[in-house]
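Here's a quick briefing on one helix and a handful of charged pairs. Have a look at the model first, then read on.

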Amino acid sequence: MSDKKNDDTKKWDCKVTTFGGIDKIDSALLAFFSYLCAEVFRIMVISSAKFVVSNSDWRQCPSSSLPEYAFIGRSNVGKSTLINRLTSKHELAKTSSKPGKTLLINHFLINDTWHLVDLPGYGYAQTGREQRARLRAMIEGYVLHRAELVNLFVLVDSRLEPQRIDLEFMQWLGENEVPFAIVFTKSDKLSPSRLKTNVAAYKEKLLETWEELPPVFVTSSETGYGRTELLGYIDELNQLPSAAE
């Protein structure tokens with residue numbers, strides 16, 4: 001994977017032009033700002049995010065050496081809105097009032113350096129048995145065989161007590177040595193004290209069977225809470241040698 005930070009620092013002769021008394025700052029200043037965020041403040045700036053392709057089979061996913069970060073969760077957990085908040089693109093991932101609308105493996109190219117992958121949700125009761133089996137095969141095929149996958153973010157509704165389907169899915173990930181992190185969503189729907197209690201209870205439940213917990217993030221698509229931490233974690237993983245292979 002190429003080192004993009006050098007590209008961000010090539011131009012230092014930022015020019016300011018004036019039109020009608022209004023200063024217009026050229027792209028070099030934006031590059032400088034991105035450099036400051038990435039190298040000084042360690043904040044990932046999303047400068048571009050675009051849809052690449054949708055597939056129903058992991059073998060048809062983009063032929064690329066770029067690292068991938070996939071997002072998955074139960075239907076109606078707020079996955080699409082979180083993706084849109086992370087990328088600051090409100091219509092990047094399609095949202096719907098009806099759960100279970102993501103039925104394909106969706107690739108998005110972020111900053112031309114890594115892929116964000118929107119996976120189908122699971123656990124939607126109104127989905128037929130045949131379609132549930134097809135979605136399960138699609139998810140398992142991608143998670144187990146996609147070499148570019150660096151980390152899987154498992155989204156969990158912070159308002160709910162630990163759900164059996166989520167716990168079983170995480171257990172399956174652990175048994176197959178799939179690196180993942182837990183992302184609590186909709187934190188703005190709870191009081192700070194209730195949120196803290198729910199997250200602590202979830203961790204306690206996991207520790208009944210896990211010796212060590214995976215990374216945990218608390219987010220809100222409504223307020224943007226947790227966005228910086230989540231993107232920072234992705235940026236941290238991008239710096240690892242394994243992500244560049």
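Asp112 comes out partly exposed, at 40% relative accessible area (buried is under 20%, exposed over 50%, partly exposed in between, with a 1.4 Å probe and protein chains only). This is a predicted model, where local features need pLDDT of at least 70 and side-chain atom pairs pLDDT 80 or more, while totals for chains, interfaces and linings use all residues. Residues are numbered from 1 along each chain as its sequence is written, and side-chain values use heavy atoms, leaving out hydrogens and water.

**Salt bridges**

- The structure has 11 salt bridges (a side-chain nitrogen of Lys or Arg within 4 Å of a carboxyl oxygen of Asp or Glu).
- Asp112 pairs with Lys50 at 3.8 Å, N to O; this links distant parts of the chain, 62 residues apart, with Asp112 in the loop between β5 and β6 and Lys50 in strand β3.
- Lys50 is partly exposed too, at 44%.
- Arg59 bridges to Asp57, with the closest N and O atoms 3.0 Å apart, and Arg59 is exposed at 62%.

**Helix α4**

- Helix α4 covers residues 129–145 (helices are DSSP runs of H or I, at least four residues, and strands are runs of E, at least two, numbered from the N terminus).
- Its buried residues are Leu135, Met138, Ile139, Gly141, Tyr142 and Val143.
- Arg136 is exposed at 56%, whereas Glu140 is partly exposed at 24%.

Terms used:
The expected span of a helix is 1.5 Å times one less than its number of residues.
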